[in-house]
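Please examine the sequence and the model shown below.

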Amino acid sequence: MAMLQVRDMDDRLYERLKFVAKLDNRSISQQVVTILQDYFTSVHSKTKNATEEFLRLDGYR
């Protein structure tokens with residue numbers, strides 16, 4: 001499994017991440033993975049929907 005190291009993270013951002021992880025009963029690492037999964041899932045669906053909408057404008061779908 002891949003490892004990721006983040007350097008020079010703002011202390012306030014790290015504290016927020018730690019706080020949210022605790023609320024969700026996750027480790028900080030688990031929280032980061034969840035945030036990334038959620039982000040990439042939503043970006044993919046938005047892009048797909050935008051592409052489909054664009055094609056509909058030109059009568060392809």
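**Salt bridges in the predicted model**

Glu 15 is partly exposed, with a relative accessible area of 43%. This value is computed from a predicted model. Glu 15 takes part in a salt bridge with Lys 18, in which the closest N and O atoms lie 3.6 Å apart. Lys 18 is likewise partly exposed, its relative accessible area being 37%. Both residues belong to helix H1, which spans residues 11-23. Because Lys 18 and Glu 15 are three residues apart in this helix, about one helical turn separates them.

Side chains of opposite charge can pair when their charged atoms come close. How many salt bridges does a search of the whole structure find? The search finds three, and the pair formed by Lys 18 and Glu 15 is one of them.

Another salt bridge joins Arg 12 to Asp 10, with 3.8 Å between the closest N and O atoms. Arg 12 is exposed, and its relative accessible area is 67%.

Is Arg 26 buried or partly exposed? With a relative accessible area of 32%, Arg 26 is partly exposed. Asp 24 also counts as partly exposed, having a relative accessibility of 38%.

Methods: Residues numbered from 1 in each chain as written. Predicted model: local features only at pLDDT ≥ 70, side-chain atom pairs only at ≥ 80, totals over all residues. Heavy atoms only, no water. Salt bridge = Lys/Arg side-chain N within 4 Å of Asp/Glu carboxyl O. Buried < 20%, exposed > 50% of the residue type's maximum accessible area, 1.4 Å probe, protein only. Helix = DSSP H or I, 4+ residues; strand = E, 2+ residues; numbered from the N terminus.
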